[in-house]
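Subject: Handover of a structure and notes on its contents

Dear colleague,

Please find below the structure that I am handing over to you. My notes follow it, and I would ask you to read them with the structure open.

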Amino acid sequence: MAMKPCCRILFHGRSPAFFGFPSPKCHNPLSNCQSNFGFNYAHNRKFYSNPPRILGFGGMSDRALKPFCASSLNWGQSRVLYSTCNGGVDRGVHVICSVASNVRNYASSVETIVNEKNFERIYVQGGNVGRDEESRVEDYGGNVNEDNSKGLHKVEVLNCGKEESAVEKEAWKLLQNAVVSYCGNPIGTVAANDLADKQPLNYDQVFLRDFVPSALAFLLKGEAEIVRNFLLHTLQLQSWEKTVDCYSPGQGLMPASFKVRTVPLDENKLEEVLDPDFGESAIGRVAPVDSGLWWIILLRAYGKITGDYTLQERVDVQTGIKLILNLCLSDGFDMFPTLLVTDGSCMIDRRMGIHGHPLEIQALFYSALRCSREMISVEEGSKNLVRAINDRLSALSFHVREYYWVDMKKINEIYRYKTEEYSTDATNKFNIYPEQIPHWLVDWIPEKGGYLIGNLQPAHMDFRFFTLGNLWSIVSSLGTPRQNKAVLNLIEAKWDDLMGHMPIKICYPALEYEEWRIITGSDPKNTPWSYHNGGSWPTLLWQFTLACMKMGRPELARKAVDLAEKRLPLDRWPEYYDTRNGKFIGKQARLYQTWSIAGFLTSKMLLDNPEIASLLYWEEDYELLEICVCALRDSGRIKCSRGAAKSQILV
């Protein structure tokens, strides 16, 4: 007897954030879930995204909920059936509706605190959303509201006049084969799709950071459904709770990755379950800091490219944004506006000495704050949140521009630093010892170039050049226009070091000898000029392209893309390259790496469509320069140094 498939999301978290809506209907049986994914979806397919009618966080409990939970009233250990489909029958099992009927008598609220102030309260009286609000947040996937479909029509004809090359056609086919479906709907792309790989580890999962270039490629192609599904399903996973040794991370954390698993049920049925990984299974057991930041950035890109802003206006999406911001803006012991994170919490997800305040996270954090300021609904309850965002943007931009920047002039200044300065007017604020300036730096940095260093902590400056952080600082305007121009000047001057035979180095230079042993712990995968330790990553092409286009240097991007196009298909689209000049395929690199494929395609389409590329980057925000966030500015104890930032803009 054939097993009848069904699918569901197991909703697992400390708080029941998404209750009270009709169950989504899955129109395709499981046998079709793994079928080839086409680029023109059927318009009559409807994807019901289940926006939350009740937003409940913490402390909500009722005895009537017990039969639906695996363990009493402990929401952190409960599992609730979110959606099902039986065979191909258009019928949902409304378990959630039964639960919600007992919850709708309660009012629920969420309070988030920043600087000991209540900057946001979401309140739904009686659990009932008004008719206008309900119609605003309802989503029918393929059938986009007519008022918000102008952008979609425009995107569909972007590449009509250009014939795709053989390499591009191959890349699109590979990207299509990497698509993962959940309940008959495309939901993301696997990290790598090498059929010959017998030990895929977690490369067969959908990673949030890895999917971003894939999402942009689909959006630029005019196919938005997969991106919309990805954003909504990962948002639902946000409320799950994962633990390591009985300890749970903060609420609002986005998973690093997820996998669609098929498990047997009773009565000869199968079910699909979304299984997220928040770091509890990762090497090193580190939670991803960048996943939530990338999710916000992608959400903005979706609206900008498609013209469909109804997604970011939904109540559940607005709540998801605020939960991420609450996690990032929470007060702690740190004195700096930069985010304090551990090693391995971003693209460099192994021990590489980037713990503290790595540039990559700060650039993504700055971008996510700017995205959030654009997307958060303006209302009485969100004023304090917007104020907190503006204050952090102002402080963060000044801090990075002033203290992370190095060029020949700044290195000379550091070389003459006095140490052990105790005062609010100290020049050497972080007690940096001049002996920290590495020997390679003085001869390497060009006269007319500069860059943002990798990390800054008390008595420590990491002078390594980290590509992603510098490129994204250009894209987001975290750096000043003069600094952004200088970064591209440096890349051009040091082309052989940073580009070589395959663009582009993840960092420069590599850790070697005793330094490698001490800092990486003798990591056999991060040996010198391999993987994260000076390896070359083709996926960084799209971010390099976007930065070049913003600064009016598309010829630099074309040079890098042409270089990659000659080798990537011959080498079977590897994850990364080894050696100082990127000559060899990485010793442990996966082949047919999806974000290498997608990064190439996105770069090509961005270069062909500069008007669309302009939607994905930010220009300088001069209003931020007028916001002074110095808490002691009126006391006379310290001087506000915002003038330094303004002077950099005008140079």
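Which residues does E512 touch, not counting residues up to four places away in sequence? They are P528, W529 and R580, where touching, or contact, means heavy atoms within 4.5 Å. E512 lies in the loop between β14 and α17 (513-520). E512 is partly exposed, at a relative accessible area of 26%; buried means under 20% relative accessible area, exposed over 50%, and partly exposed in between, with a 1.4 Å probe and protein chains only.

Two remarks on the basis of these notes are in order. The model is predicted, so local features need pLDDT of at least 70 and side-chain atom pairs count only at pLDDT 80 or more, while totals for chains, interfaces and linings use all residues. Residues are numbered from 1 along each chain as its sequence is written, and side-chain values use heavy atoms, with hydrogens and water left out.

The chain as a whole

The chain has 651 residues, of which 60% count as buried. Its secondary structure comes to 23 helices and 16 strands; these are DSSP runs numbered from the N terminus, helices being H or I of at least four residues and strands E of at least two. Among contacts with a separation of 6 or more, 74% are between residues 24 or more positions apart.

The sheet from β11 to β14

An open sheet is formed by 4 strands in the order β11-β12-β13-β14, with antiparallel pairing; two strands pair if DSSP finds at least two bridges between them. At the edges are β11 (405-407) and β14 (507-508), each of which pairs on one side only. Helix α14 (residues 467-476) packs on this sheet and touches β12, β13 (460-466) and β14. The direction of α14 makes about 80 degrees with that of β13; axes are lines fitted to C-alpha atoms, for helices over the stretch in contact, and angles run from 0 to 180 degrees between N-to-C directions.

Strand β12 (residues 450-457) is joined to β11 by 3 bridges. In β12, G450 is the bridge partner of D407, and Y451 is that of V406. On to β13 there are 4 bridges, again antiparallel, and here Q457 stands opposite H460. The two strands β12 and β13 form a hairpin with 2 residues between them, and A459 in the turn has a positive phi of about 60 degrees. Because 8 of the 8 residues of β12 are buried, this strand is largely enclosed by the rest of the structure.

The hairpin of β6 and β7

Strand β6 (residues 179-182) is joined to β7 (residues 185-189) by 4 bridges, and the two run antiparallel. V180 stands opposite G188 in β7. With 2 residues between the strands, this hairpin has a positive phi near 60 degrees at C183. Both faces of β6 are covered: V179 and S181 on one side, and V180 and Y182 on the other, are all buried.

Charged residues

The structure holds 22 salt bridges, each being a side-chain nitrogen of Lys or Arg within 4 Å of a carboxyl oxygen of Asp or Glu. One of them joins R261 and D275, whose closest N and O atoms are 2.8 Å apart. R261 is in strand β9 (residues 257-265) and D275 in strand β10 (residues 269-277). R261 is partly exposed, with a relative accessible area of 35%, and D275 is likewise partly exposed, at 24%.

R350 and D523 also form a salt bridge, at 2.9 Å from N to O.

D578, in strand β15 (residues 577-578), is buried yet has no salt bridge. The nearest side chain of opposite charge, K587, is 5.5 Å away; Lys and Arg count as positive and Asp and Glu as negative, with His and the chain ends not counted. The side chain of D578 does make a polar contact of 2.9 Å with that of S530. A polar contact is a pair of N or O atoms within 3.5 Å; within protein, one must be able to donate a hydrogen and the other to accept it, and residues adjacent in sequence count only if both atoms are side-chain atoms.

Yours sincerely
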